[in-house]
Amino acid sequence: MPLIVMCGYPCSGKTRRAEELKGYFEQKTTRKVHIVGDGALDIDKNSVYADSQKEKNARAALKAEVERKVNKDDIVIFDSLNYIKGYRYELFCLIKHAQTPHCLVYCLTSDGVSSTWNTNRDAAEQYAQDIFDALVLRFEAPDSRNRWDSPLFTILKDDTLPFEDISDALFKRKAPPPNQSTQSQPLSSANFLYELDKITQEVLMAIFNAQKTSVPGDLISVPGATEKIELTRNINMAELRKLRRQFISYTKMHPTENIGQIANMFVQYLNKSLH
């Protein structure tokens with residue numbers, strides 16, 4: 001069901017507000033409420049936010065977890081920085097595809113206040129000062145004029161959350177209509193889904209088996225594809241299956257008339273996703 005996206009500087013009160021929202025909806029509704037965030041996935045923020053590739057992987061993992069939990073019954077609260085405008089747009093596309101409403105809760109603080117809150121945390125929970133400063137510098141504030149940032153609730157540190165207004169935004173608004181980029185299209189042939197499932201599974205098994213005798217840097221050949229997998233690291237089956245599910249979802253929305261290209265398309269998708 002609805003998605004609540006938290007947003008704000010590091011140490012701006014997002015987790016506290018997420019817990020307040022969880023408590024409110026559990027008390028007022030019979031719906032399950034899930035909080036997805038860095039803590040739930042055991043993300044080491046100082047390690048992740050110091051490395052752009054690790055951060056990219058972490059954002060992808062968080063988005064995949066949100067996508068997995070969004071359904072027609074539950075409420076999902078996404079408790080993370082969500083500081084990149086393009087990433088918030090991706091979340092908006094996700095809820096359009098799921099045809100469920102969303103809203104953005106922006107915990108607005110000054111960098112000075114957030115820095116003080118950071119230093120008051122236990123040492124193990126603190127952001128390193130250089131990481132904190134870099135995240136504040138890169139932060140892209142939400143703008144209610146952007147449809148992916150609307151409806152927007154801006155909360156100051158001493159404010160009481162407008163619970164009823166947030167509830168109305170989630171339950172009394174229609175979901176944004178899907179468009180061509182998010183709505184599933186008719187399959188291009190009767191056996192398309194069968195071939196898509198079969199070919200992608202064969203590619204997965206080829207990669208998994210090849211890794212037993214390969215090292216990072218090798219090029220892996222897979223059945224039916226002229227292009228090769230660029231193996232930069234060992235990839236476990238759980239990650240491969242997650243990428244396969246994402247590729248299948250995308251390909252159902254953008255079916256190809258040439259089934260013979262599925263393997264190459266999947267290889268290209270894997271190479272892009274794994275780098």
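Modeller: The model is predicted. The pair I would start with is Arg145 and Asp143, which form a salt bridge whose closest N and O atoms are 2.7 Å apart. Arg145 is exposed, at 74% relative accessibility, whereas Asp143 is partly exposed, with a relative accessible area of 22%. The cut-off for buried is under 20%, so Asp143, at 22%, does not count as buried.

For context, the whole structure holds 16 salt bridges. Another of these joins Glu55 to Arg138, with the closest N and O atoms 3.3 Å apart. Glu55 belongs to helix α3 and Arg138 to helix α6 (residues 129-138), so this pair ties together parts that are 83 residues apart in sequence. Glu55 counts as buried, at 5% relative accessibility, while Arg138 is partly exposed, with a relative accessible area of 34%.

Glu55 is also one of the residues that line the largest cavity, along with others including Arg59, Phe78 and Tyr87. That cavity has about 90 Å³ of space, and helix α3 (residues 52-69) supplies the largest share of its lining, four residues. By class, the lining has eight nonpolar, two polar and two charged residues.

Lys172 and Asp168 form a further salt bridge, the closest N and O atoms being 3.5 Å apart. Here Lys172 is exposed, with a relative accessible area of 68%, and Asp168 is partly exposed, at 31%. Elsewhere, Arg16, Arg17 and Glu20 are linked in a network of salt bridges.

Note on methods. Residues numbered from 1 in each chain as written. Predicted model: local features only at pLDDT ≥ 70, side-chain atom pairs only at ≥ 80, totals over all residues. Heavy atoms only, no water. 1 Å grid on protein atoms, 1.4 Å probe; cavity = no way out; pocket = protein on both sides within 12 Å on 5 of 7 lines; lining within 4 Å. Points joined across faces, edges and corners; volume = space filled by probe spheres on them. Helix = DSSP H or I, 4+ residues; strand = E, 2+ residues; numbered from the N terminus. Nonpolar A, V, L, I, M, F, W, Y, C, P; charged D, E, K, R; others polar. Salt bridge = Lys/Arg side-chain N within 4 Å of Asp/Glu carboxyl O. Buried < 20%, exposed > 50% of the residue type's maximum accessible area, 1.4 Å probe, protein only.
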